[in-house]
Amino acid sequence: MAPGPPFLSIFLSLLLLSPTSALSPPSAATAPASAAPEKSPAASAAPVRALQSLDLPTSKDPCSNPPALHNATACDSAAPFRHLVSLRLANCSDDVGMSITALKSLSTLNSLAFLNCPITPVRFPSELALNLHSFTCINSLKRLTGVWLSRMQNLTDLTVSGVTVNASGAAIIVGNMKKLKSVTISHTNLTGYLPKHWHSNLTHIDLSGNRLRGRIPSSITTLENLQFLNLSSNELDSEIPTSIGDLMSLQHLSLASNSLSGSLPESMAAMPTLVHLDLGSNQLNGTIPKFLADMKGLKYLNLEKNNLKGIMPFNASFIKRLEVFKIGGNSNLCYNHSTLSPKVKLGIAPCDKHGLPLSPPPARESSHGDGSNEDNSDDYSMDDDSGSKKKSSHGPSKVVLGVAIGLSSVVFLIIFLVLISKCCR
């Protein structure tokens, strides 16, 4: 087939998924030195014709050519014909179109990916849908539905992002995918509620950037193998499940940008592997539990823009070992300035002697410009009385001045009367 049009930018990647072919050396390498190397079987003609019908530039035998930058191909080691096992289409033009006939010839695929391919999807043949183990769709395809995705029941890895999915909840999509280990359905405008039932194989869940609402079901905390959970940027409400600490393998937890309320569950103290904790932009209240400072593996901590109160329990050494630390936007939260320097910009005020946020002194009018205000902006005091003492040191009080003026007036009056009496004599 002649090469495709020059404006067609498609990256075709057919990966070798067979463990034997990926790890074992070719048969010619184990044969005696005198034996002639055997020629690898060619690809079946049907997949080649299928690729050509999709208007993809390919050779007569995509399995025989070595990998190239924009047209890398590899196949399994089946005989007499090798099979295409993985296909990735990237940056497709409008000339690419899927047909059921072509997809039937690609039923040996167990991995299929679309990257920046806004083409119209068609119903996958049953054999292809059931044979797929991995499906990726990023900024690709049009008008996806939950039912369309749910037909790929044997998936272990599902990634859909940047494309609208018409479904009332994730359960319609993943409910029958009993082998699923990793699911990402993000920024798809997905509505409805979180599933109440989850398959125990899951290690990765990313449902961020959707319109999911309601509470987080406690059933999600039974996934003992779960390592990654991202439910951020949804419309979830109510409290964080008290059993969240049962996720002993969890390393990444992001529940930011929702409407979650209540306090941080004490059970989180039992999550030894947690590295990333993002609870920002919610309505969480109560005090910050001290056990967070004991999480040795924690590198990312975001608690900003909540309703947290009290004294922040973190010292300088804890904050220093974090890669990201966000705590601002909690108006009733303060820090002990005996353990943290005011020069550390945290977005919260230091505490007064009662453990309440100390308001900064009011701005004074000055002829020296803005610089004088900046010098005093971090000058907080733990003792409220000290401020008044400092103010009194600037000069005599009004009472003292009044008494002095009064006495001076009496003395002047006496002297004046004495002088007049002498003149009259």
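Colleague: Why is Cys137 called buried?

Modeller: Buried means under 20% relative accessible area, exposed means over 50%, and partly exposed lies in between (1.4 Å probe, protein chains only). Cys137 has 0% relative accessibility, and therefore counts as buried. The model is a predicted one, in which local features need pLDDT of at least 70 and side-chain atom pairs count only at pLDDT 80 or more, while totals for chains, interfaces and linings use all residues. Residues are numbered from 1 along each chain as its sequence is written, and side-chain values use heavy atoms, with hydrogens and water left out.

Colleague: What makes the link of Cys334 and Cys351 a disulfide?

Modeller: A disulfide is a pair of cysteine sulfur atoms within 2.5 Å. The S to S distance between Cys334 and Cys351 is 2.0 Å, and the two residues are joined by a disulfide. The angle about the S-S bond is 100°, and the link is right-handed. Distant parts of the chain are connected by this pair: Cys334 is in strand β21 (residues 332–335), and Cys351, 17 residues apart from it, is in the loop between β22 and α9 (371–376). Cys334 and Cys351 are both buried.

Colleague: How many disulfides does a search of the whole structure find, and where is the cysteine sulfur nearest to that of Cys137?

Modeller: The search finds one disulfide. For Cys137, the nearest cysteine sulfur is that of Cys117, at 8.9 Å, and Cys137 is in no disulfide.

Colleague: Why is Asn282 called buried?

Modeller: The relative accessible area of Asn282 is 7%, so Asn282 is buried. Asn282 is placed in the loop between β16 (276–278) and β17. Contact means heavy atoms within 4.5 Å. With neighbours within four places in sequence left aside, the residues in contact with Asn282 are Leu255, Ala256, Ser257, Asn258, Ser259, Leu260, Lys305 and Asn306.

Colleague: What is the hand of the crossover from β4 to β5?

Modeller: A crossover is right-handed if, with the strands pointing away from the viewer, the path from the first strand over the helix to the second runs clockwise. The chain passes from β4 through helix α5 (residues 126–131) to β5, and this β-α-β crossover is right-handed. In strand β4 (residues 111–115), four of the five residues are buried.

Colleague: Which strands form the 11-strand sheet, and in what order?

Modeller: The order is β3-β4-β5-β7-β9-β10-β12-β14-β16-β18-β20, in an open sheet with parallel pairing. The edge strands, each pairing on one side only, are β3 and β20 (324–326). Within the sheet, β5 and strand β7 (residues 157–161) run parallel with five bridges, and Thr136 has Thr159 of β7 as its bridge partner.

Colleague: What makes β15 an edge strand in the five-strand sheet?

Modeller: That open sheet has the order β15-β17-β19-β21-β22, with parallel pairing. β15 (261–262) and β22 (349–350) each pair on one side only, and are the edge strands. β15 pairs with strand β17 (residues 283–286) in the parallel sense over two bridges, and Ser261 has Gln283 of β17 as its bridge partner.

Colleague: How many helices and strands does the protein chain hold, and what share of its residues is buried?

Modeller: The protein chain has 11 helices and 22 strands, and 41% of its 425 residues are buried.

Technical notes. Pairing = 2+ DSSP bridges.
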